[in-house]
Amino acid sequence: MNHLAWIDARLAKVRVADVRSYLLGKAWKVQPYPGPELLVFGGPVDDNGEPVVQVLPSSEHFRDFSMRLEELLASLSVMEGRPAAEIVTDVLAVRASEG
């Protein structure tokens with residue numbers, strides 16, 4: 001059973017660049033990572049005062065990209081206190097506004 005029941009068909013349209021632009025626009029920072037296969041983002045602090053870290057494969061072509069994207073969006077939904085579908089709308093809007 002998939003615990004991410006909110007899955008939106010628009011996820012297939014989301015690109016790494018869209019997520020990166022969205023997060024950077026929300027004051028997340030790209031963190032160093034020793035290899036090119038992952039993007040690591042540092043965000044706001046959690047309830048324990050520790051920075052939140054989110055990880056996303058650096059390419060849509062990696063096998064686990066969809067799963068990691070779903071997890072990242074679910075986490076953002078909790079942190080931002082709004083439905084993941086709204087975040088998907090905003091992530092996709094970033095591309096439209098930059099294009």
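This is a predicted model: local features need pLDDT of at least 70, side-chain atom pairs count only at pLDDT 80 or more; totals for chains, interfaces and linings use all residues.
Start by selecting strand 1 (29-31), strand 2 (38-45) and strand 3 (51-57). Together they form an open sheet of 3 strands in the order 1-2-3, with antiparallel pairing. Strand 1 and strand 3 are the edge strands, each pairing on one side only. From one strand to the next the twist averages 35 degrees.

Now show helix 1 (16-25) as well. Helix 1 packs on the sheet and touches strand 1, strand 2 and strand 3. The direction of helix 1 makes about 25 degrees with that of strand 2.

**Across the strands**

Select Val30, whose bridge partner in strand 2 is Phe41. Strand 1 and strand 2 pair over 3 bridges, in the antiparallel sense, and a hairpin joins the two strands through 6 residues.

Another pairing to pick out is that of Gly42 with Val53 in strand 3. In total, 6 bridges join strand 2 to strand 3, which run antiparallel. The hairpin of these two strands has 5 residues between them, and there Gly49 takes a positive phi near 80 degrees.

**Gln54**

Display its surroundings: beyond its neighbours within four places in sequence, Gln54 is in contact with Trp28, Leu39, Val40, Phe41, Leu72, Ser75 and Met79.

**Ala27**

Move to the loop between helix 1 and strand 1, where Ala27 lies. Most residues other than glycine have a negative phi. Ala27 is not a glycine, yet has a positive phi of about 75 degrees. Ala27 counts as exposed because its relative accessibility is 55%, and the cut-off for exposed is over 50%.

**Helix 3**

Select residues 84-98, which make up helix 3. This helix has 15 residues and reaches 22 Å from its first C-alpha to its last, close to the 21 Å expected at 1.5 Å a residue.

Which residues of helix 3 are buried? They are Ala84, Ile87, Val88, Val91, Leu92 and Val94. These residues lie on the same side of helix 3, because they cover an arc of only 135 degrees around the axis. Look along the helix to see this, then turn to the face directed away from the buried side, which carries the exposed residues Ala96 and Ser97. The cover over the buried residues of helix 3 includes helix 1 and helix 2 (65-80).

**The core**

In soluble globular proteins, nonpolar side chains tend to be buried together. The largest nonpolar core here has 21 residues. Select Val14, Val19, Leu23, Leu69, Leu73 and Leu76, the members that touch the most other members. Helix 1, strand 2, strand 3, helix 2 and helix 3 are the elements that give two or more residues to this core.

Finish on Val14, and show what is in contact with it, leaving aside neighbours within four places in sequence. The contacts are Val19, Glu60, Phe65, Leu69, Val88, Val91, Leu92 and Arg95.

Note on methods:
Residues are numbered from 1 along each chain as its sequence is written. Side-chain values use heavy atoms; hydrogens and water are left out. Helices (H or I, at least four residues) and strands (E, at least two) are DSSP runs, numbered from the N terminus. The expected span of a helix is 1.5 Å times one less than its number of residues. Buried means under 20% relative accessible area, exposed over 50%, partly exposed in between (1.4 Å probe, protein chains only). The arc is that of the directions from the helix axis to the C-beta atoms. Contact means heavy atoms within 4.5 Å. A nonpolar core is a set of buried Ala, Val, Leu, Ile, Met, Phe, Trp, Tyr and Cys residues joined through side-chain atoms within 4.5 Å. Two strands pair if DSSP finds at least two bridges between them. Axes are lines fitted to C-alpha atoms, for helices over the stretch in contact, and angles run from 0 to 180 degrees between N-to-C directions.
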